[in-house]
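Please take a moment with the sequence and the 3D view before reading on. The paragraphs below go from one part of the chain to the next.

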Amino acid sequence: MTAAEHKPVTRSIMLQTLCTPCANFCRYCLLSWNGRVSGADWDRSAALAKRFSEWMKKNRPELKFDFAFGCSMEHPKLIEAVDFLNSIGSVMGRFLQLDGMRMRTDPELDALFSSLSAHGVEHVDFTFYGTEAYHDRFAARRGDHELMLRSIRFALAAHIAVTADMPLTGENIGMANSVVDELRRLGCGDIRFRIPHGEGRGALLEPVRLKISEFEALEAGIRPLLNRAVFKTEGEWLDMAQRGELAPESNRSLLISLTPQNIGEMEAMQVERIISEAERLDEEYYAAFPDFAALAETYGDKNGERLFSRRDLFHYYRKSYALEHGVKVYDVTDETQTGSRRY
């Protein structure tokens, strides 16, 4: 049985343009940032997003629609961009992921977060890879750790909610207590652990993927910062699959990525056709692979102690299957291009 035989329902659509640079070169990067922006022009993309939004409200009001830009939030006219995002109801006008921003002085940070708050930003997020020296090496930029701490201070002063998350590996697990303590001293109450995915440059972290024994060595008081309902050992996922407790992924979100190469074609297409083309890519990709249970039977380790999300473990197995069977299919999991997420 292939994963495509359980045809999912499209629930949401994200339109994006990766038109802004990132100041970091992190070892762990979903977008595999290489110093060159790959997204379409902002103005053309925003015009298409407005048309998309208006069509969706009229014809597909049951679908959630958002528009976003990247590879960082360092838009040259950030406040205008936030205003536009809010005008079309995109969640990115209220929530910003602020990794990879340029260096700023304290007065500049004060002005930035005061303006963001005044223009509707309610929540910001930062990623910490470890303590200062390790984080700066990981992000490939000296001073990045300190910039984020100062940013949190000014965001909280502007009454913007802050989330700080830390991807845990076997390499940085010993720093988790120190990172949490520092963030709590700063006043950040929403701190979350997660297990890095294997997408983009995340594949480079596979050799240091966290094991359950390493996780359980953490102080008991901070272990709940990792959602163990989402991140389980490979063995735990396989036990659930064997007991029939993993229902097929019945929903999907579509990601439509605008580039200089496709923006003209997208502008000329009807919105419904853009959606149907993205759905077709999703279905062709999943048709090329067996379902999770079948892949797990072949590639799974029932005693596996490494921690995964279900999506990431499925992705790991599909990569193994593609390598063994020579599968060559358009990759809808590559978030630099049009694709999908099933859940």
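Predicted model: local features only at pLDDT ≥ 70, side-chain atom pairs only at ≥ 80, totals over all residues.

We begin with the open sheet, in which four strands lie in the order β2-β1-β8-β10 with mixed pairing. The strands at its edges are β2 and β10, the latter spanning residues 339-342, and each of these pairs on one side only. From one strand to the next, the twist averages 20 degrees. Strands of a sheet pair through backbone hydrogen bonds, and they may do this in a parallel or an antiparallel sense. Strand β1, residues 9-17, and strand β8, residues 251-258, pair in the parallel sense over eight bridges, and the bridge partner of I13 in β8 is L254.

Helix α10 covers residues 271-287, and its 17 residues reach 25 Å from the first C-alpha to the last, close to the 24 Å expected at 1.5 Å a residue. Its buried residues are V271, I274, I275, A278, E279, L281, D282, Y285 and Y286. Because these residues cover an arc of only 155 degrees around the axis, they are on the same side of α10. An α-helix has 3.6 residues a turn, so residues three or four places apart point the same way. The elements that cover the buried residues of α10 include β1, β8 and β10, together with the helices α1, α9 (263-268) and α12 (310-325).

In α2, which spans residues 78-87, the residues L78, A81, V82, F84 and L85 are buried. These cover an arc of only 160 degrees around the axis, which puts them on the same side of α2, whereas E80 and S87, on the other side of the helix, are exposed. The buried residues of α2 pack against α1 (42-59), against strand β2 (64-69) and against α3 (106-118). Just after α2, G89 takes a positive phi of about 80 degrees.

The last stop is a right-handed β-α-β unit made by β5, helix α6 (residues 176-186) and β6. Strand β5, residues 161-167, runs parallel to β6 and is joined to that strand by five bridges; P167 has R194 as its bridge partner in β6. Which residues make up the covered face of β6, and which the uncovered one? In this strand, residues 190-194, the covered face consists of I191 and F193, while D190, R192 and R194 form the uncovered face.

Key:
Residues numbered from 1 in each chain as written. Heavy atoms only, no water. Buried < 20%, exposed > 50% of the residue type's maximum accessible area, 1.4 Å probe, protein only. Helix = DSSP H or I, 4+ residues; strand = E, 2+ residues; numbered from the N terminus. Arc of directions from axis to C-beta. Contact = heavy atoms within 4.5 Å. Pairing = 2+ DSSP bridges. Axes fitted to C-alpha atoms, helices over the stretch in contact; angles between N-to-C directions. Expected span 1.5 Å × (residues − 1). Right-handed = clockwise from strand over helix to strand, strands pointing away.
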